[in-house]
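Please look through the structure below slowly, with the sequence beside it.

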Amino acid sequence: MTDDPRLADIIQPGQEGNVVLLGFPCDDGVEINGGRPGARHGPEKFRSWIRRYGTIDNPEMNIDLSGLSIADAGDIPADLPLDQSHTTLTQQTASIIQKGGIPFVVGGGNDQSYPNACALLDAKPDNAVGVINIDAHLDVRPLKNGQAHSGSPFRLLLEDSRFAGGHFIEFAAQGSQVSREHTGYVRQKGGHIIWYSEVSRGDSAAQAFRNTLGRLAWECDSLFVSFDLDSIRASDAPGVSCPGVMGLRAKEAFEMAFTAGIHPKVDLFDLSEYNPLIEEERTGRLAVGIFYHFCLGVASRREPS
Ligand code: MN
């Protein structure tokens, strides 16, 4: 090892670890939803930025990642039809959870989040599962011609009889980007919406997120945190299909990722919509920073997961 080891230096190939990276290199769901394609290159570029970012022993936070085992399970095959990609994703994510790891799934389109939620429901059928979607949008649009897409994952989840709508929270949604009808749909299903204007009111959205995660954890055994990069303001995250002029700050995103990582009930995390064709470096470093801070959080859990 060098005198300055980075995150990539401790990642081992395989399906077993405390945190297991899995790539979903697919943007068909973005195209079906009318968005700009390119997120299929997200996992590949994400891995290239891991080599440049994230010291193993962080002297500022006083957290050493060298005791954490981080694995890379590779990508879901890129050439499958969309429904088969989703089925394969569910199987692989569930397999990682069953082996005791926390999957960190990098997209790809946000349509990955329903297959990922299914993996947690499959792997822990006796657990009450809670889901937080950090997103400028609600992603509860109906299917298009019977097909799932990047705007529909949480409608599919709320329609799933295994899932209780009361355990679903939309975090940092923006009223200028979501319809009245979809807002009503989420609430009618028992879900909660915490608007961006509410989370940005105090010192930091990270504190609002910590409170929200803590409240959901009271009611649930197992939590899934789903993070769409388009919830972050475009000046920090330009490389997404639908950049938002306002939104979360990079610092808040990192604090939220740490908060998710350290919480003992968070069993699954996914990161969606990194589109390196629109912008590669700033958004790539941000995406990897979210992964890094999640790992710092997991390394700080009181009980090893
Ligand atoms: Mn989304």
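**The manganese site and its surroundings**

Asp-135 is buried, with a relative accessible area of 0%, where buried means under 20% relative accessible area, exposed means over 50%, and partly exposed lies in between (1.4 Å probe, protein chains only). The model is a predicted one, in which local features need pLDDT of at least 70 and side-chain atom pairs count only at pLDDT 80 or more, while totals for chains, interfaces and linings use all residues. Residues are numbered from 1 along each chain as its sequence is written, and side-chain values use heavy atoms, with hydrogens and water left out.

Which residues coordinate the manganese ion? The ion is held by Asn-110 (OD1), Asp-135 (OD), Asp-139 (OD) and Asp-228 (OD), at 2.1 to 2.2 Å; donors are N, O and S atoms within 2.8 Å of the metal (3.2 Å for Na, K and Ca), and water is not among the atoms, so sites may look incomplete. Along the sequence, the spacing of these donor residues is N-x24-D-x3-D-x88-D. Distant parts of the chain are linked here, since Asp-135 lies in the loop between strand E7 (129-134) and helix H5 (153-158), whereas Asp-228 lies in strand E10 (residues 222-228), 93 residues apart. Helices (H or I, at least four residues) and strands (E, at least two) are DSSP runs, numbered from the N terminus. Asp-228 also counts as buried, at 2% relative accessibility.

Turn next to helix H2 (42-50), in which Gly-42, Pro-43, Phe-46, Arg-47, Trp-49 and Ile-50 are buried. These residues cover an arc of only 160 degrees around the axis, which puts them on the same side of H2; the arc is that of the directions from the helix axis to the C-beta atoms. Among the elements that cover the buried residues of H2 are strand E1 (11-13), strand E5 (70-75), strand E6 (102-107) and H10.

Leaving aside its neighbours within four places in sequence, Phe-46 is in contact (heavy atoms within 4.5 Å) with Leu-21, Phe-104, Val-106, Leu-271, Tyr-274, Ala-287, Val-288 and Phe-291. A nonpolar core is a set of buried Ala, Val, Leu, Ile, Met, Phe, Trp, Tyr and Cys residues joined through side-chain atoms within 4.5 Å. The largest such core has 59 residues, and the members that touch the most others are Phe-46, Phe-104, Phe-227, Leu-248, Ile-290, Phe-291 and Phe-294. Helix H10 (residues 281-299) gives the largest share of this core, ten residues. A second, separate core of 35 residues includes Val-105, Phe-163, Phe-168 and Ile-193.

The whole structure holds 13 salt bridges, each a side-chain nitrogen of Lys or Arg within 4 Å of a carboxyl oxygen of Asp or Glu. In one of them, Asp-27 pairs with Arg-40, the closest N and O atoms being 2.6 Å apart. Asp-27 lies in the loop between strand E2 (19-24) and helix H1 (28-32) and Arg-40 in the loop between H1 and H2, so the pair ties together parts that are 13 residues apart in sequence. Asp-27 is buried, at 0% relative accessible area, while Arg-40 is partly exposed, at 34%.

Lys-45 forms a salt bridge with Glu-280, with 3.9 Å between the closest N and O atoms, and this pair links Lys-45 in helix H2 to Glu-280 in the loop between strand E11 (266-272) and H10, 235 residues apart.
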